[in-house]
Amino acid sequence: MKSITLIIVCVFMLNSCKNKDEKQQETPVEVAKTEYTSFGNTIISDDAIEAASMASHYKTMNVGDSINSKIVATVNKVCQAKGCWMTLDLGDKEEVMVKFKDYAIFMPKDIEGKEVIINGKAYVKEVSIDEQRHYAEDEGKSAEEIASITEPKKTYSFEADGVLLKQ
């Protein structure tokens, strides 16, 4: 009986060692690191959620709700006066208006279509007519387009404290 138990233990140990050796021989696949230019607080690219996923979160939020988040998205527009705001594509013709915490970040004006990762607070806001017109002016819209803004608008907003711009 002892010899059978000893044989079973030996077989188990050999089998365990074999599996361990096989696992050690696997080599991890290295992922090429993407270069980013950093603006504002230092952030890392890990844990950023896709824009479409963030759009789903926004749809469940009411005016005044907010959540901390990190998003990866494509830039639609940038303030052409100073680079003090940008809009990001959330998919399905939705976008988020990004401003920068403490007015501390100014983005390059030529980054439309580039990928960014932003970190900060996502929230839903009602934007006044005056504020919408101000953004339209910053964007370089015509006087006619600016005058056509006549109602407050519920918008998806984001206050970023750090931005990574993909090179």
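Q: Which helices and strands each supply at least two residues of the lining of the largest pocket?

A: Rolling a probe the size of a water molecule over the atoms shows where empty space is left. On a 1 Å grid over the protein atoms alone, a pocket is an open set of points where a 1.4 Å probe fits, with protein on both sides within 12 Å along at least five of seven lines; lining residues have an atom within 4 Å of a point. Helices (H or I, at least four residues) and strands (E, at least two) are DSSP runs, numbered from the N terminus. Here the contributors are the strands β4 (85-91), β5 (94-100), β6 (115-127) and β7 (153-166), together with the helix α3 (129-139). This is a predicted model: local features need pLDDT of at least 70, side-chain atom pairs count only at pLDDT 80 or more, and totals for chains, interfaces and linings use all residues. Residues are numbered from 1 along each chain as its sequence is written, and side-chain values use heavy atoms, leaving out hydrogens and water.

Q: Which residues are the closest to the centre of the largest pocket?

A: The largest pocket has 25 lining residues, and E95, M97, Q132, K153 and T155 are the closest to its centre.

Q: Are C79 and C84 buried or exposed?

A: Buried means under 20% relative accessible area, exposed over 50%, partly exposed in between (1.4 Å probe, protein chains only). C79 is buried at 0%, and C84 is buried at 12%.
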